[in-house]
Amino acid sequence: MAEIATPAKNLRQIAMVVAVATALSKVAGLVRQQAIAAAFGVGAAYDAFNYAYVLPGFLLILLGGINGPFHSAVVSVMAKQERAESARLLAAINTLVGLGLLGATVLLVLLADPLITLVGPGLDPALHDLAALQLRLMAPMALFAGLIGLGFGALNAADEYWLPAISPLLSSLAVLLGLGLLWFQAGPAIGTAPWALAGGAVLALSTLGGAILQWLIQLPALARQGLGQLRLSFNWKQPGVKEVLQVMGPATLSSGMLQINVYVDLFFASGISGAAAGLGYAGLLVQTPLGILSNMLLVPLLPVFARLTAPEDRGQLLQRIRQGVMLSNASMLPLGALMVALAGPIVALVYERGAFNANAASLVVGILMAYGVGMPAYLSRDVLVRVFYALGDGNTPFRISMAGIGLNAGLDWLLVGCPLPGGLLLPQLNFQAPGLVLATVGVNVVSCLALLIALRKKLGALPIGAWAKDTGLLTIAALVGGLLAWALATAIAWPPHLIGKLLQVLICGGSGAVSYGLIAGGLGVPEARELGRSIIQRCVGRAR
């Protein structure tokens, strides 16, 4: 990666800080998910939770998370401001957003029943009631999500990166603590029907507790940076407020459109037994590497994009866009190929224990393979959207997301067999839960193409052809690596115990990754070579 410097740290240093912190958070999240799987499997407590968590989770992950619209808007504006001006702006935005999200909290409590009906019309009454209870318990996450996103955006603009990236670890620890206390009371019966209500309530309350901890942990850091003004400020006429809202408003709506797609997916999933839980388990396996790589790329690049918006910096901006897109492809294409090739061993290694039996594993394997197909499009889309945010344009991503809703609904309907009141119109196209993921993949691919075309029009020139050629070369290398990993996983009789599964994933995955690196580097894609050199240097450095 090139060495363009930010005020305090260069991109490589920032990427390493973010990568380590995000990795720790993702590992904790994986352990949390393993504990949930062992306790509940695809039973009522966790199945209902996936419906209840849609709105609170959207607010926490997208509004409160790194690279979410609140975070991106604040970084885009505050990265260009003096510290005192940023402190005044943060106080005003906190007040404005806090009041709005307090109203959203009240609405979530009052409208929990119809919202669950909307997202899961096929749920049986008991599951519906449990999901509605969980939604009411998690409703305050709406308020804390906005405050978390604004605070962490301000910290990133002040070149503080460790705390925002490590903070999701607290949410995982809170859930693990809640599950531990429940296990102490219920023992092996924790996943049975009599404990479904208690299990669902514990999941909801511990998730809320984790969000509160994420907000509390940022307060000392904000104070240390001179940004911690815990006061109401109604000075909404200052110029920075309008600038933040110009990015935040469309960006939030754009993210909201993505969440509507999640609603659409769950609408169709509600008629498929265990589908919501399966989507949750597979999604976590995808989000672990995706989140690490996303934060490594987007967190350091977003302030750089914001500082290269002047016409005289156009050449450097194009270089950075190429860097973001191609590093995304160079890392996500092999990961996606390995997810498809090793879906069975990965799911067995991570989840198959306790209440998570072979039937649950089979469901999650199919979903994980579908996710693997679309991994490159997930991250490339995020890179391109952040370029528009840095340019002060949140409207273009919003319009593309709006168009994606109809496409997603149509693809969802098509890929679960075109359900009609009288049955399936095209049962041969009924791919069950994996079909819902493939629909999302299609939407993301189309969105990436639309964003590239819009960005070329906005910047006047964009070498899309050259990028497509190098992406094609990376795809060939990824396919070869995936095929090698699959061949090793199926040709060798691996031991069925935990160590055997671990060796299967590590040896087959490592062989596929090395094969990809050698081929991609040999094909001459600069980002693949740079990525490989960086990994080798870090491994050698640690060995020494």
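This is a predicted model: local features need pLDDT of at least 70, side-chain atom pairs count only at pLDDT 80 or more; totals for chains, interfaces and linings use all residues.
I'll start with the salt bridges. How many does a search of the whole structure find? The search gives 5. I'll go through some of them.

Take Asp-113 and Arg-136. These two form a salt bridge, and their closest N and O atoms are 3.0 Å apart. Asp-113 sits in helix H6, which covers residues 112-119, while Arg-136 sits in helix H7, residues 125-138, so the bridge ties together parts that are 23 residues apart in sequence. Are the two residues buried or exposed? Asp-113 has 31% relative accessibility, so it counts as partly exposed. Arg-136, at 33%, also counts as partly exposed.

Next, Asp-393 and Lys-458. Their side chains meet in a salt bridge, with 3.3 Å from N to O. This pair links distant parts of the chain, 65 residues apart: Asp-393 is in the loop between H16 and helix H17 (395-415), and Lys-458 is in helix H18, residues 432-459. Asp-393 has a relative accessible area of 10%, and buried means under 20%, so this residue is buried. Lys-458 has 40% and is therefore partly exposed.

Now Arg-381 and Asp-382. The side chains of this pair meet in a salt bridge at 3.8 Å, N to O. Which residues belong to the network here? Arg-381, Asp-382 and Arg-386 are linked in a network of salt bridges. Arg-381 counts as buried because its relative accessibility is 7%. Asp-382, with a relative accessible area of 23%, is partly exposed.

On to the helix pair. Helix H14 spans residues 314-341 and helix H16 spans residues 358-390; their axes come within 8 Å and cross at roughly 170°. Angles over 145 degrees count as roughly antiparallel, so H14 is roughly antiparallel to H16. Which residues make the contact? On the H14 side they include Ile-321, Gly-324, Val-325, Met-332 and Val-340. On the H16 side, Leu-368, Gly-372, Pro-376, Leu-379 and Val-387 are among them. You can find these on the structure above.

Last, the surface. Val-106, Leu-107, Val-109, Leu-110 and Leu-111 make a nonpolar surface patch of about 440 Å². One of these, Val-109, is found in helix H5, residues 83-110. Val-109 has 34% relative accessibility, so it counts as partly exposed.

To recap: a nonpolar patch that includes Val-109, a roughly antiparallel pair in H14 and H16, and 5 salt bridges in the whole structure.

Key
Residues are numbered from 1 along each chain as its sequence is written. Side-chain values use heavy atoms; hydrogens and water are left out. Patches are made of residues with over 30% relative accessible area and no salt bridge: like charges are joined within 9 Å, nonpolar side chains (Val, Leu, Ile, Met, Phe, Trp, Tyr) within 5 Å. Accessible areas come from the Shrake-Rupley method with a 1.4 Å probe; for residues, only the protein chains shown count as cover. A salt bridge is a side-chain nitrogen of Lys or Arg within 4 Å of a carboxyl oxygen of Asp or Glu. Helices (H or I, at least four residues) and strands (E, at least two) are DSSP runs, numbered from the N terminus. Buried means under 20% relative accessible area, exposed over 50%, partly exposed in between (1.4 Å probe, protein chains only). Axes are lines fitted to C-alpha atoms, for helices over the stretch in contact, and angles run from 0 to 180 degrees between N-to-C directions. Angles under 35 degrees count as roughly parallel, over 145 as roughly antiparallel, 65 to 115 as roughly perpendicular and the rest as oblique. Contact means heavy atoms within 4.5 Å.
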